[in-house]
Amino acid sequence: MSTVATHFWSSYGITSFPPPLTGPRIMLTGILCALGAGLMWGLVFIAPLMLPDYPGLMLSFGRYVAFGLIALTPALLHRKRIATLSKADWRAALKLSLVGNLLYYAALATAIQLADAPLPTMIIGTLPVVISVFSNWSPGHAAESVAWRRLAPSLVIIFIGILFVNAAELAHMRQMGSSNTRSMSDYLLGCLIALCGVAAWTWYPIVNARYLRANPHISPSIWATAQGLAVLPLALIGLFSYGGYQKLTGGSYAFPFGPRPLQFVGLMLLIGLSASWIGTLLWNKASQRLPTALLAQLIVFETLSALLYAFIFRGAVPGMQVAAGIVLLCIGIIFGVRTFQHQIP
């Protein structure tokens, strides 16, 4: 690896790059963990549908305050193991929480508010392809990368599947008669912020996976708890800053719990436990077991889960275009697994 790349990763405490774990059983465990994380993360996309009268920023801050509060319990139970984390570990957890949690979801929520849901969602939906490209382009270890000609088929199939699904969802929103009163400047700004969200969550899984593999003494559960503890003060600052902004500008939001306090608090606690703590734990386990370029493609499990929950919530069945997109996503995952399976003895 080049001197520049070595210096970059060492700035995040990543100074050694052991090869990823190998073996069919370990790969299967990693895939199942990524599937579980996707099932948990898909719940996040249902929250705005269940609480449409809540600002996206409040849903983001509420989720991560809940994540941090929930993390206090495992932190207390495993306080001796938490105490073994170094200052470098806490700095890494803080950076990962800030960029991969708060900044990413704040960017997603803001982009949707500025440019409406379809285009930002389509931009964010390219993450499996973008992360896979970047992780294969600058791998932490030579064993993580594969030849581009072998990686390309799965990425192309996944990308086409994403386009199918997003195009169908855009058509659905138009049929629902959603009004678009946004100016062109808001639309363009929303697209730019969505690209910032893509950059944030491209950085997060790559750095997170390599940090865990470079520090195998940190268990996935302890690392999930550490990120929850790190994000708590950040989320609280964001939450009360938003409340202060609402008060100064005379906003209509009933800070802090909004018009439906019980539903809001209950849903935030559910998402904080499932999507944040359990989802992060499972993703950390997958990150220790799979090459990052393959792990990135498995983010489509989140897309598939979000679709499943959305259609259950609507009480509808997917149309032909969505079904075709789902089939393509599944085929892309199979191609991706087969690509990296060739590296396993």
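Start with the whole chain of this predicted model: among contacts with a separation of 6 or more, 88% are between residues 24 or more positions apart.

Next, show the surface. The chain exposes about 16000 Å², and carbon and sulfur atoms supply 72% of that area. Of the 345 residues, 52% count as buried.

**Into the core**

Hide the surface and select Tyr104, Trp201, Trp223, Phe264, Met268, Trp283 and Leu290. These residues have the most contacts inside the largest nonpolar core, which has 97 residues. Then select residues 184-214, which form helix α10. With 13 residues, helix α10 gives the most to this core.

Stay in the core and centre on Leu290, one of the residues listed above. Which residues is Leu290 in contact with, leaving aside its neighbours within four places in sequence? Select Met27, Gly30 and Ile31, then Arg213, then Leu295 and Leu298; these are the contacts of Leu290 once those neighbours are set aside.

Is Phe159 buried or partly exposed? Its relative accessible area is 33%, so Phe159 counts as partly exposed; buried would require a value under 20%. In soluble globular proteins, nonpolar side chains tend to be buried together.

Terms used
Residues numbered from 1 in each chain as written. Predicted model: local features only at pLDDT ≥ 70, side-chain atom pairs only at ≥ 80, totals over all residues. Heavy atoms only, no water. Buried < 20%, exposed > 50% of the residue type's maximum accessible area, 1.4 Å probe, protein only. Contact = heavy atoms within 4.5 Å. Areas by Shrake-Rupley, 256 points an atom, 1.4 Å probe, with all protein chains shown as cover. Core = buried A, V, L, I, M, F, W, Y, C linked by side-chain atoms within 4.5 Å. Helix = DSSP H or I, 4+ residues; strand = E, 2+ residues; numbered from the N terminus.
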